[in-house]
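Dear colleague,

Please find the structure below. My notes on the findings follow it.

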Number of protein chains: 2
Amino acid sequence: MVAETVKLVKPSHSPQQNHLLAALPAEIFDRISPDLELVAMPLGEVLYESGGILHHVYFPITSIVSLHYVMENGASAEIAGVGNEGVLGISIFMGGNTTPSQATVQTAGYGYRLKARVMMEEFNRAGPMMRLMLRYTQALITHMSQTAVCNRHHSVEQQLCRWLLSTLDRLPSNELTMTQELIAGMLGVRREGITEIAGNLQRAGLISYRRGHITVLDRTGLEKRTCECYNVVKKEFHRLLRNPEAVKSFTAKQGVGFR
Amino acid sequence: MVAETVKLVKPSHSPQQNHLLAALPAEIFDRISPDLELVAMPLGEVLYESGGILHHVYFPITSIVSLHYVMENGASAEIAGVGNEGVLGISIFMGGNTTPSQATVQTAGYGYRLKARVMMEEFNRAGPMMRLMLRYTQALITHMSQTAVCNRHHSVEQQLCRWLLSTLDRLPSNELTMTQELIAGMLGVRREGITEIAGNLQRAGLISYRRGHITVLDRTGLEKRTCECYNVVKKEFHRLLRNPEAVKSFTAKQGVGFR
DNA sequence: TTAAATATGTACGTTAGCGCACATACTATA
DNA sequence: TATAGTATGTGCGCTAACGTACATATTTAA
């Protein structure tokens with residue numbers, strides 16, 4: 001009873017909060033778990049620079065990281081976001097050890113990291129860890145592809161709704177701590193554009209916000225205003241990482257949670 | 001002498017024309033080569049539909065295939081192009097066996113295909129074939145990422161130049177057989193826009209074209225007009241698939257050609 | 001040789017989003 | 001509680017790209 005109270009007051013972090021780690025068969029999880037290192041991931045921290053060598057893979061649990069590319073003129077655009085459903089540093093096992101894109105913490109929080117060497121040892125067993133990582137990478141490819149299409153064809157309003165929804169999917173509450181300036185940077189659009197659209201959404205009763213905080217009031221309403229891209233990506237993550245059939249192929253135990 | 005003439009008149013197709021196949025160590029190539037099937041890939045052929053199950057991987061040699069997503073309203077946009085430097089059907093080994101995107105032949109030609117089962121047998125040896133495929137996938141991820149960024153920030157003229165250059169990189173001559181309508185479809189823009197820009201490029205002496213054919217006259221000129229994306233992707237392919245260090249890790253013999 | 005189909009050219013009004021210049025409001029710290 | 005720093009609001013002209021509607025070439029098939 002006492003222990004339970006303590007848990008409630010100070011909920012301890014657990015690797016299981018990351019859906020990929022949670023999906024590993026016990027045997028594998030136990031093998032890597034001594035090497036899992038809980039790390040704080042403060043807002044703005046750069047996990048890896050463009051072209052920089054990666055030393056760890058990161059499994060976010062309460063943080064969200066943005067994969068983006070910074071152009072020569074300083075402008076940038078998000079390629080994909082990664083939260084508790086995923087992992088950062090795929091180029092470690094895919095090969096090359098570095099990418100032209102950058103990874104920056106977009107929502108502060110915690111995550112677990114694993115030394116590149118440890119990940120590679122496990123990956124090279126060519127077992128469940130490898131299959132899980134490749135499946136996640138395939139899902140990430142869908143995410144990136146859809147971002148490309150979305151950037152081409154959809155309005156900033158649709159994209160903002162999509163971004164809000166997918167960020168929400170990775171958070172425990174319905175409040176995001178995020179300035180409009182930061183969101184504009186993610187989407188690669190003007191801050192003023194976000195201000196205007198956020199105002200519209202607020203007037204429509206879908207969100208409410210104050211300086212640096214956005215609360216989603218009507219999720220369904222946002223889903224109505226966003227483009228098909230949100231659902232395409234969500235369904236594909238679900239299919240690849242939770243679907244029973246898919247899961248059977250890498251572990252007989254359980255799938256990867258994805259709300 | 002006679003044989004040589006015959007060769008010149010009717011140059012036979014060879015799996016080595018695909019840079020990935022050419023990069024495989026002899027032992028592995030010999031093992032899969034009986035299963036490599038030369039196939040014609042006519043313009044417009046759909047290699048796989050959105051959501052359709054893949055039965056083969058395709059290694060283009062003279063053809064170019066466009067990976068694109070078709071939206072609910074029928075509009076579409078290219079995510080990446082794949083020619084003799086690559087392979088189609090990565091979701092076979094990445095997992096999931098299907099993707100929301102579609103693959104359509106954009107430039108008619110030939111390619112070799114391999115049954116999914118054969119590819120998987122080789123991939124599952126977790127040797128050079130696996131590492132080569134993962135490295136290629138990593139390069140493709142960069143390509144897709146850059147497409148997303150490019151769609152967000154760069155002008156249609158820059159994107160057209162980029163598209164012409166990367167298509168040229170996969171062809172033996174400097175002439176593309178391609179209507180403006182098709183190009184517009186690839187880029188996901190209006191046909192009239194392409195007409196106008198192509199006119200500009202022609203007046204500037206960079207290209208010349210007639211109904212369904214475009215000849216690049218001044219490659220350097222196009223490179224000056226395109227955005228950084230072209231070079232980012234090109235360098236990354238080179239680094240991942242030709243760089244000696246990279247190559248050493250999957251074969252002691254040779255790298256993957258990429259002009 | 002003609003007709004039909006397809007490809008390219010041109011024009012014109014519309015619009016989403018940009019760049020810039022500020023005004024206003026909130027928040028933290030002195 | 002003043003002040004500086006940061007976030008948000010608003011307006012305005014500008015431009016790239018869009019949608020639409022045709023005109024004019026060029027190729028293929030009848």
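In this predicted model, E3(A) and strand E7 (residues 109-115) of chain A pair in the antiparallel sense, with five bridges between them. Helices (H or I, at least four residues) and strands (E, at least two) are DSSP runs, numbered from the N terminus, and two strands pair if DSSP finds at least two bridges between them. Within this pairing, A:Val57 lies opposite A:Leu114 of E7(A).

Residues are numbered from 1 along each chain as its sequence is written, chains are lettered from A and ligands numbered from 1 in the order in which they are written. As the model is a prediction, local features need pLDDT of at least 70 and side-chain atom pairs count only at pLDDT 80 or more, while totals for chains, interfaces and linings use all residues.

The sheet is open and consists of three strands of chain A in the order E1-E7-E3, with antiparallel pairing. Strand E1 (37-41) and strand E3 (56-60) of chain A are at the edges with a single partner strand each, so one side of each has no neighbour in the sheet. From one strand to the next, the twist averages 40 degrees. Helix H5 (residues 116-123) of chain A packs on this sheet and touches E3 and E7 of chain A, its direction making about 65 degrees with that of E7(A). Axes are lines fitted to C-alpha atoms, for helices over the stretch in contact, and angles run from 0 to 180 degrees between N-to-C directions. Contact requires that the C-beta atoms of two residues, placed from the backbone, lie within 7 Å.

Elsewhere in chain A, the axes of helix H7 (residues 156-168) and helix H9 (residues 191-203) come within 10 Å and cross at roughly 75 degrees. H7(A) and H9(A) are therefore roughly perpendicular (65 to 115 degrees). A:Val156, A:Glu157 and A:Leu160 of H7(A) meet A:Gly193, A:Ile194 and A:Ile197 of H9(A).

The contact between the chains takes 36 residues from chain A and 36 residues from chain B. On the side of chain A that touches chain B, strand E5 (76-82), helix H4 (90-94), helix H6 (128-153) and helix H11 (229-241) each give two or more residues. The largest share of that side, 15 residues, belongs to H6(A).

A:His238 is located in helix H11 of chain A. A:His238 and A:Ala139 are 99 residues apart in sequence, yet 9.0 Å apart in space, C-alpha to C-alpha.

Note on methods. Angles under 35 degrees count as roughly parallel, over 145 as roughly antiparallel, 65 to 115 as roughly perpendicular and the rest as oblique.
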